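Let's take a friendly walk through a protein together. Keep the sequence and the 3D view open as you read, and look up each residue when it is named.

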Amino acid sequence: MSSKSTNPLELGRSLSVPNVQELAQSDDQIPERYFRPEVDVAPLASIDEDELPVIDLMKLLNPELIDKDELFRLGSACKEWGFFQLINHGIPEEVIEKTKNDIKKFFKLPLKEKEAFKQIPGHIEGYGQIFVHSEEQKLDWADVLTLNIQPSQNRDMRFWPSNPTTFRDTLDTYTLKIGKVVDCIYGLMAEDLGVDPQDMLNIFRDQLQSVRINYYPPCKQANKVLGLSPRSDGSALTVLLQANDVHGLQIKKNDKWLLVKPKPSALIINIGDIMEIMTNGKYKSIEHKAIINMEDERLSIATFHFPSIDVLLRPFPELVNSDGELYKTISAKEYAMEYFAGKLNGKNALESMKLRK
């Protein structure tokens with residue numbers, strides 16, 4: 001397979017924008033394009049660590065610890081929240097800590113060194129920002145490093161940092177282990193949904209994996225900006241690792257924004273639009289955003305998983321009842337093109353896909 005035909009990031013475009021880390025370190029006024037008047041008025045509630053569903057992978061995989069109630073909790077989390085924390089996921093603490101440390105070291109580099117991995121104008125992969133489609137739109141208070149991971153022939157090593165020297169190996173190890181965790185979750189989801197696990201795994205046999213590594217600088221007017229605009233993910237599953245102790249992820253539930261406070265070393269997993277389509281709306285792809293801290297930076301790495309772009313996105317037959325399919329059938333390639341072009345972003349990401357409004 002050629003990288004041109006299988007790389008979803010090649011299907012998107014994004015305009016170049018100023019480096020936010022540099023803006024945050026200067027005494028200049030914050031440019032108007034970053035001000036978001038809706039931030040101040042958004043209803044916010046904080047949730048305790050234990051309120052966001054916590055799923056223990058060991059209780060689902062270890063024969064000596066199998067807990068059938070845990071599978072029910074997983075299904076409920078996917079149906080009612082669209083987000084959950086995963087603990088006892090089997091990724092060694094050493095791998096988690098190396099990943100966090102290398103991310104921090106990269107963003108501490110001088111701007112000139114980071115810009116050696118800068119996006120090519122009009123593309124997504126590399127260091128910069130994504131989802132910028134016009135010179136007038138509001139901008140996120142963040143810098144990101146976006147990279148293709150799997151299949152390996154999709155990797156463009158021009159954009160993979162060589163400083164710190166361990167960065168490439170660390171990211172390779174981390175994402176490989178994340179991919180194995182995700183494969184386990186696909187099988188468990190199939191069991192919860194009553195779908196043939198092999199059918200689920202066949203869809204994702206040649207799955208695509210990419211990462212977006214996020215740097216959210218502090219802002220003296222943090223209540224006026226956003227690190228990530230409200231959106232659902234265009235993936236099947238997304239895995240988020242928070243790289244420091246500063247919280248900022250918010251998810252929307254019952255028309256309120258809830259601040260997520262992950263457990264140490266937990267992975268935050270969320271359902272993406274593609275999985276909602278494939279489950280005929282049973283699993284929910286939830287709107288989320290990132291807020292900014294006034295004094296401290298926040299770092300995270302999001303790992304996205306997609307089926308091969310040749311796959312047709314439609315519900316598993318077992319999940320289609322008398323009401324029929326909720327969403328129109330579309331190829332993963334067409335969906336990726338519309339998503340990365342900004343046509344499916346925002347709070348109504350799946351609205352245009354619905355067969356019945």
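Lys-79 is partly exposed in this predicted model, because its relative accessible area is 35%, which lies between the 20% limit for buried and the 50% limit for exposed. What does Lys-79 form with Asp-192? The two make a salt bridge, and their closest N and O atoms are 3.6 Å apart. Follow the chain and you will see that this pair links distant parts of it: Lys-79 sits in helix α4 (residues 68–81), Asp-192 belongs to helix α7 (residues 167–193), and 113 residues separate them.

Arg-155 is found in the loop between β5 and α7 while Asp-172 is in helix α7 itself, so the bridge ties together parts that are 17 residues apart in sequence. Asp-172 has a relative accessibility of 29% and therefore counts as partly exposed.

Now turn to Arg-36 and Asp-140. Their side chains meet in a salt bridge too, at 3.4 Å from N to O. Here again distant parts of the chain are linked: Arg-36 is in the loop between α2 (20–25) and β1 (44–46), Asp-140 is in the loop between β4 (126–128) and β5 (143–150), and the two are 104 residues apart. Elsewhere, Asp-67, Glu-70 and Arg-73 are joined in a network of salt bridges. How many salt bridges does the whole structure hold? A search finds eleven.

Next, look at the nonpolar side chains. In soluble globular proteins, such side chains tend to be buried together. The largest nonpolar core in this model has 87 residues, and those touching the most other members are Leu-86, Leu-147, Met-189, Met-200, Leu-237, Met-275 and Tyr-335. The element that gives the most to this core is α7, with twelve residues. Another core lies apart from it and has 15 residues, including Leu-23, Phe-35, Ala-142 and Ala-222.

Our last stop is His-288, in strand β12 (residues 288–290). His-288 counts as buried because its relative accessibility is 5%, under the 20% limit. Its side chain reaches the backbone oxygen of Ile-286 at 3.0 Å. Beyond its neighbours within four places in sequence, His-288 is in contact with several residues, among them Phe-83, Leu-228, Arg-231, Trp-257 and Asn-270.

How values were computed. Residues numbered from 1 in each chain as written. Predicted model: local features only at pLDDT ≥ 70, side-chain atom pairs only at ≥ 80, totals over all residues. Heavy atoms only, no water. Helix = DSSP H or I, 4+ residues; strand = E, 2+ residues; numbered from the N terminus. Buried < 20%, exposed > 50% of the residue type's maximum accessible area, 1.4 Å probe, protein only. Polar contact = N/O pair within 3.5 Å; in protein donor to acceptor, adjacent residues only side chain to side chain. Contact = heavy atoms within 4.5 Å. Salt bridge = Lys/Arg side-chain N within 4 Å of Asp/Glu carboxyl O. Core = buried A, V, L, I, M, F, W, Y, C linked by side-chain atoms within 4.5 Å.
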